[in-house]
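Here is my note on the model, point by point. Please keep the structure open while you read.

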Amino acid sequence: MHGVGVSARALGSAASAITTARRTPAGMAAPPRSASRSCRTMATGASDWPAEARSALSSQSTAPMGTADGGVVGASTASSADIQKAESSKNREGKNVAETFFTEGGLKKMAPSDGEQAALLAAVAKHLAVLKEMPDFLPYLHVDAGAVRVAPSRVCDGRGVFATRAIKAHTLVTLYPASNELSLCADRARGHVSVWRPETYSAPHADYAMFNGHPYFADNALRLEADGGAGDDAAQDGFLGHLINDAAMPPTDAADIAYAQEYLRRTTNDTNCHAVPFPSGMVAVAASKDIADGEELLMTYTFGFNQEFMEDMAAKPELRKKMLTNSFAADMKVASVKMEQLTAESLTVHSEVELLCRELLCDAAEEGDN
């Protein structure tokens, strides 16, 4: 990693939150190795973005650590240095790009320029890289990394994540890693995508992607992609979100409405954890209810799991009509309200973490200016 660190301001903010931090037990064994990959994956990669944006993502060359200058649609691709020279992220009333992002209330209201979008993505990448390099910092973010471990899944042939002890509802147990790629598309209509990739990037892992659904990143603007490898680097304690499975395989055939409804029922009732997006770009996984020692963690991946399913649904009005009528529509509403409520409750429980995340992102953006 290049130039990552935690400033004194962020450490001071963390110290003020120590009374509520959950500390990770020392001496936890490394997670077991497995040649299998997780059989459930988060979201659908960029399937929710415009076609031109998805095309740009798939065609981008590797960008080195700390840059966010790829994935440009409808504009020339510039180097990170060119972007910073042409338009400093400190360009609105002396604020850095993260401070502007928070002051103006998120991407939609901020309406960032191409340079600001790239600078914001670079700050998010640095912020998340710091957390991976300094896992001892996770307790300040209320992440109880020692509460879970990796083991062979009981719901599929791949790996899964299991409780090492009893876990209380709304406990943050792990983060979702962005170890393979980060991308930001603030304006879907224009389709300009900024992309960050580490030096170790070799290939896309769309099966291990998810979006940060925080209102500040409206319309699924921020996409995180984990490294789907089976080695220890892909199963770092505290960063196991990509290995958590769904209670059932999300539907792939849009015409099979019966299975889609059965999936919705199971993924709503049989899962025990959920994603919690923070405005710094970080995504945590929280227990939705009390989880017993040894229980496998399961979370919903929704219908967005399969790109073909979503495209068929969008292209065929008769399928949408079937899905949105009668009891199915009611089940979908119940599921949506349940997830929104769980997320809101977790953000309330961990409000200090949200404030600290803001500080960390602003610090990362400040370091990017220097």
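1. A term to start with. A residue is buried under 20% relative accessible area, exposed over 50% and partly exposed in between, using a 1.4 Å probe and protein chains only. By that rule Tyr216 is buried, with a relative accessible area of 17%.

2. What you are looking at. This is a predicted model, where local features need pLDDT of at least 70, side-chain atom pairs count only at pLDDT 80 or more, and totals for chains, interfaces and linings use all residues. Residues are numbered from 1 along each chain as its sequence is written, and side-chain values use heavy atoms, with hydrogens and water left out.

3. The overall count. The protein chain has eleven helices and nine strands. Both are DSSP runs numbered from the N terminus: helices are H or I with at least four residues, strands are E with at least two. Of the 370 residues, 53% count as buried. The chain exposes about 15,400 Å², and carbon and sulfur atoms supply 53% of that area. Accessible areas come from the Shrake-Rupley method with a 1.4 Å probe; for residues, only the protein chains shown count as cover.

4. Contacts along the chain. Contact means heavy atoms within 4.5 Å. Take the contacts between residues at least 6 apart in sequence: 76% of them join residues at least 24 apart.

5. Two strands pair if DSSP finds at least two bridges between them. Here the order is 3-9-8, the sheet is open and the pairing is antiparallel. Strand 3 (172-175) and strand 8 (273-277) are the edge strands, each pairing on one side only. Neighbouring strands are turned by 30° against each other on average, direction ignored. Strand 8 pairs with strand 9 (residues 283-287) over five bridges. One to find: His274 has Ala286 in strand 9 as its bridge partner.

6. Which strands stand at the edges? The order is 5-4-7-6, again open and antiparallel. Strand 5 (194-196) and strand 6 (209-212) each have a single partner strand, so one side of each is left without a neighbour in the sheet. The twist averages 20° from one strand to the next. Strand 4 (residues 181-184) joins strand 5 through three bridges. Leu182 has Trp196 in strand 5 as its bridge partner.

7. Helix 6. This helix (residues 114-133) lies across strand 4, strand 5 and strand 7 (222-225), and runs at about 150° to strand 4. Axes are lines fitted to C-alpha atoms, for helices over the stretch in contact; angles run from 0 to 180 degrees between N-to-C directions. Is helix 6 enclosed or open? Look at its residues: 17 of the 20 are buried, so helix 6 is largely enclosed by the rest of the structure.

8. The hairpin. Strand 1 and strand 2 form a hairpin with six residues between them. Five bridges join strand 1 (residues 148-152) to strand 2, and the two run antiparallel. Val148 stands opposite Ala163 in strand 2. Strand 2 (residues 159-163) is mostly covered, with five of its five residues buried. In a regular strand the side chains alternate between the two faces of the sheet. Here Arg159, Val161 and Ala163 point one way, while Gly160 and Phe162 point the other way.

9. Aromatic pairs. Rings of Phe, Tyr and Trp (its six-membered ring) pair if their centres lie within 6.5 Å; planes under 30 degrees apart count as stacked, over 60 as edge-to-face and the rest as tilted. The structure holds five such pairs. Phe102 and Tyr216 form a tilted one, 6.0 Å centre to centre with 45° between the planes. Phe102 lies in helix 4 (residues 97-103) and Tyr216 in the loop between strand 6 and strand 7, so the pair ties together parts that are 114 residues apart in sequence. Phe102 is buried at 10% relative accessibility. Phe101, Phe102, Tyr216 and Phe217 form one aromatic cluster.
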